[in-house]
Amino acid sequence: MKICSPQLGLSPESNLGGEVHDREMIKALDNLGVETLIILPWGKKYPSLKHAKVYFLPTPFVYPPWIFNVLILPYLFILQLKYRFDVLRVHSPYFVGPAAIFFKLFFPNVKITASYLHLETNNKLFSFIDRNLIQHYTAITTISDFTKNEIEKRYQVKSIVIPCGIDSKYKPLSKNQKLLDKYNLKNKKVLLFLGQLIERKNIPFLFKVLKKLPENYVLMICGDGPLRGQLEVEAPKGVIFSGKILEEEKVNYYNLADVFVYPSLKEGFGLSVAEAMACGKPVVASNTPIVENTPLNTDLWIKKITNPITVRKINFSWIRSAKKYENLICH
């Protein structure tokens, strides 16, 4: 079984949810002995893989990202003629999907699997792509029942849930003294958010919550993104911006938290929520399929933050998810 998987990124240092998902799934498939042909922009980092061959586009930047469809097309034909791969894995229906369906016109026996982390409904181009292509994939995978139900209701197509996994490195640890000193967190109650600083993550809501909490509470925002400058201007007293956190640093930051907070407006899964839970942290989150949804009401959030409940154990595994995907493509 050979898989071709064009990817915009697989960096071992990335903690972006979509890139983490693809990187860890491909690593797990590699551990199962699955051969993978990977196409990346020029010079992009990727994890150590035993059974993969990596090919680079002539450009390190792909912007706007939908142009990736055009850039990978000649590689798909060349790699198919050379290796005869069995499955073309569409990591993004928007940045790979059109190219994959065009490719399938010439190689109809190749299976096309599309992975949906969540459904994009507020982008006219993406909605157009879904509306015209989603019926043509051999199989559709989602990362939660929420996304599965959303897709099946909107487009009347079947899909299968293959959830994200959680790396074993995410576990309860003592608070890192260097980080406590760096951010002056002694005797503070730490609310921690980790994710992209984009509109969908709804970070200004946390500012409203923090303003109503006692002064010993601080809000640590871990991550970067296009809204960082605006958020730094709007932030009330007690907000700390750590900037981008590398993948290997995340476990220590999660373990700084007294409560992990995640007021996202929409999530297909909520990987950082699961990672925080694996570190034993109470979570208050909205619109995240793996935990109880807490409506975006400041008083309700304050009540849950100041009276956190015991964290339930979670049991997600990348190997288990990879085996489910392998079983899907082999039948």
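# Close-ups of a predicted model

**View A. Ser-92 is buried, with a relative accessible area of 8%.** Here "buried" means under 20% relative accessible area, "exposed" means over 50%, and "partly exposed" is anything in between (1.4 Å probe, protein chains only). The model is predicted, so to speak of local features takes a pLDDT of at least 70 and side-chain atom pairs count only at pLDDT 80 or more, while totals for chains, interfaces and linings use all residues. Residues are numbered from 1 along each chain as its sequence is written, and side-chain values use heavy atoms, with hydrogens and water left out. Ser-92 sits in the loop between strand 4 and helix 3 (97–106). Helices (H or I, at least four residues) and strands (E, at least two) are DSSP runs, numbered from the N terminus. Trp-66 is 26 residues away from Ser-92 along the chain, with 9.6 Å between the two C-alpha atoms.

**View B. An open sheet of 7 strands, in the order 3-2-1-4-5-6-7, has parallel pairing.** Strand 3 (52–56) and strand 7 (160–161) are the edges, each pairing on one side only. Two strands count as paired if DSSP finds at least two bridges between them. Helix 1 (residues 17–31) packs on this sheet and touches strand 1 (2–6), strand 2 (35–40), strand 3, strand 4 (87–90) and strand 5 (111–116). Contact is heavy atoms within 4.5 Å. The direction of helix 1 makes about 155° with that of strand 4. For these angles, axes are lines fitted to C-alpha atoms (for helices, over the stretch in contact), and values run from 0 to 180 degrees between N-to-C directions.

**View C. Strand 6 (residues 139–142) pairs in the parallel sense with strand 7, over 2 bridges.** Thr-142 faces Val-161 in strand 7. Helix 5 (residues 145–155) packs on the sheet as well, touching strand 5, strand 6 and strand 7, and its direction makes about 140° with that of strand 6. Thr-141 has Ile-160 as its bridge partner in strand 7. Strand 6, helix 5 and strand 7 together make a right-handed β-α-β unit. Right-handed here means that, with the strands pointing away from the viewer, the path from the first strand over the helix to the second runs clockwise.

**View D. Strand 5 and strand 6 are joined in the parallel sense over 4 bridges.** Ser-115 is bridged to Thr-141 in strand 6. Between the two strands the chain runs through helix 4 (residues 124–133), and this β-α-β crossover is right-handed. As for the side chains of strand 6, Ala-139 and Thr-141 point one way and Ile-140 and Thr-142 the other, and all are buried.

**View E. Strand 4 has parallel links to strand 1, over 2 bridges, and to strand 5, over 4 bridges.** Ile-3 has Val-87 as its bridge partner in strand 4, and Val-90 stands opposite Ala-114 in strand 5. Val-87 and Arg-89 point one way from strand 4, Leu-88 and Val-90 point the other way, and all are buried. The buried residues of helix 3 are Gly-97, Ala-99, Ala-100, Ile-101 and Phe-103. Their cover includes helix 2 (68–83), strand 4, strand 5 and helix 4.

**View F. The structure holds 19 aromatic pairs, and one of them is shown here.** The rings of Tyr-46 and Phe-56 have centres 6.3 Å apart and planes at 50°, so this pair is tilted. Rings of Phe, Tyr and Trp (its six-membered ring) pair if their centres lie within 6.5 Å; planes under 30 degrees apart count as stacked, over 60 as edge-to-face, and the rest as tilted. Tyr-46 comes from the loop between strand 2 and strand 3 and Phe-56 from strand 3, so the pair ties together parts 10 residues apart in sequence. Tyr-46 is partly exposed at 37% relative accessibility, and Phe-56 is partly exposed at 27%.

**View G. Phe-193 and Tyr-262 have ring centres 5.5 Å apart and planes at 20°, so they are stacked.** This pair links distant parts of the chain, 69 residues apart: Phe-193 is in strand 8 (residues 189–194) and Tyr-262 in strand 11 (residues 259–262). Both Phe-193 and Tyr-262 are buried.

**View H. One aromatic cluster is formed by Phe-77, Phe-85, Phe-102, Phe-103, Phe-106 and Phe-107.** Phe-103 is also one of the buried residues of helix 3.
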